Amino acid sequence: MIVISIPAGMPRVPKIIPLSSLAPGVRLLTAGLCLVLAEGVSAQRAAENVVRAAADAFGSSVGDEQIGLYSTSNVRGFSPTAAGNIRIDGLFIDRQSGFSDRLVSGSQIRAGLAAQGYMLPAPTGIADFSLRRVAEEPVQSVILERSRYGGVRLAADLQARLAEGVEAAFGMGYEEDEEGNGTNDIAASAGGNLRFTLQPDADVTVFADYVEEIENQFSQRYFTAGPYEPPEVTPLKFVGQPWAKFTGPRYNVGVLANYRPGDWEYRLGMFRSSREWDQQANVLYTDVQPDGSARRRSALGPSTKLLSDSLEARITRHFYEGNRRHSLTVNVRALDRSRDYGGTVGIDLGDANIDEPVYFERPDVEVGEQSQESVEQIALGLSYDLRWEDAGQLNIGIQQSDYSRKVIVPGSKDLADDESPVLYNVNANAPIGERVVIYGGIVRGFEESPVAPISAINQNEAPPAAQTQQIDAGARMTLGDLTAVAGVFEIEKPFFGFDEDRFFGAQGMQINRGVEFSVAGPVTETLQLVLGTVFYDVILTGDAVDSGALADSPAGAISRSSTLNLDYRPPWAPGWSFDLGVTSRGEQNADSQGLVTIDPYTLFDLGLRRQFSFAENDVVIRGRLTNVFDEFAWNAGSTGAYRYIPPRALSVSLRMDI
């Protein structure tokens, strides 16, 4: 890595300009589009309530609200997104950029009992997204929101039946989000889907989702010089660099087709996913001392792009035998991915204090050449599913995957990886009496490895995919209208971290063991409950642990995570609902040597909704206060970087279905 020192006398930027000069015009244009769209047809956004929709505490999202122990970035301690385990309407997509709310209505985490019967599940869980669909009575929605810390969101989502058998759900949005670390994100989005019902058992859906990142600032990371947490800093204070940001488009497009004649079922999904950055940049505070003094560093690199084409095709044949249904599925999954990474130049910005912003002009540096990576993978799978009424379910699957990865490295020898693993899964569940169902399974997978973070000398490099394994078991019990789930799991996956030169690569094996609990459902006609807890035991093995270079538990590992959500609709106040959210985290290991432990913390959120009719239109006013008591705490990532939790924030939104 080349390091350039910036002299202390370089001119400083006097203040942060959080919004680009074009933002007011874009804001006005988007508001105008929302008003124009409000003249026509109509999207059921007003009634969205994630607490009421959740079937368990393992992770659900509806619209822009998410609850549960797990998320699309964390399932049982691993990221299904980083592992490439994203599905859209149940079909595999090699997604390189996130979906907007214009395209999807929410997501469901498929892990544990929720993965039972799911064809070819994955060890680190699956995030299954649902396309927005046209309701029985099409509506359109206008959304106005004062988001956290004073940002603004505007959106219009529409549904329409354009002709017999032709339905459309699409929308447009604009966001200016101010984050808890003082950074600003500005983006405009447009997307939706068009569904053609060719006959009662056949349909085709085409979709597109486009987001333009108008401005996205990189948040700062903190690395201490010894075994201690950084001192407390002032939340919402931006101490990065105004030029450490990126712009660029990201999009997802695809076609889904379904044909279900008689006992046969045919499904096809073809997708393209892309993301672009106009530059690579970061802001790091290294060698942080207990008094807040540190070294300010950054890096700049050329533009970069991720592009992937993927598909899944399935053929399923159902056989019926009395009260038993047998299903045999043959499927093919394929991807062709390319990415550029590297070429960054390290910049030393001198001595600093982590709570005192000092701004520099963007240095003029000559960036390096980039590496070019290409990945091709094709997997052929066979799955058998037995559903036996009152007796249970059995699912067995096997896959043969052919994986090829090539990397062209400037000035060095090219890299190549070729693997052909055979993967399998066996999952089963069975009722024990009328109220209890037991389940268990083993899954062997071949999943993507995490991309090198911006603090690595090989930032954005993607190591080759690796084999992983999960074993889990548990039980579900019905308690009146409540559903309780308890389970245990063990996941084994390669661990990626830094070596002494801050090169991000495989450092050993990580084993996540845990016990998880969930209770969800209506307590009374007016009170809805979602409650969950997971206890972790995270272990590292390998040469780095044996030599003492790494502790036997990775940085970022936590001992417990708990969540509680209540939604109350008082009978004495029709149209009103009140919600409470509590998230609690146990001790967290903060460094690779196991010398720093971050204390547990608990956060409280409060919210309310007021639903009413205005000119025969459904209207909901939604208010949320997060981190009510304004707790300050650090979180540590797997690379040893510290970031503080978001401070107290208030958001207020108005949603109208027309």
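Analyst: Let's start with a term: a residue is buried when its relative accessible area is under 20%, exposed when it is over 50%, and partly exposed in between (1.4 Å probe, protein chains only). Leu 550 has 12% relative accessibility, so it counts as buried. Before going on, some background: this is a predicted model, where local features need pLDDT of at least 70 and side-chain atom pairs count only at pLDDT 80 or more, while totals for chains, interfaces and linings use all residues. Residues are numbered from 1 along each chain as its sequence is written, and side-chain values use heavy atoms, leaving out hydrogens and water.

Where does Leu 550 sit? Look in the loop between α3 (543-546) and β30 (560-568). Those labels come from DSSP runs, numbered from the N terminus: helices are H or I with at least four residues, strands are E with at least two.

Contact means heavy atoms within 4.5 Å. Setting aside neighbours within four places in sequence, Leu 550 touches Phe 495, Gln 507, Leu 540, Ala 544, Val 545, Ser 592 and Gln 593.

Val 330 is partly exposed, because its relative accessible area is 42%.

And the confidence? pLDDT is the predictor's confidence in each residue, from 0 to 100. The protein's mean pLDDT is 87, with 91% of its residues at 70 or more.
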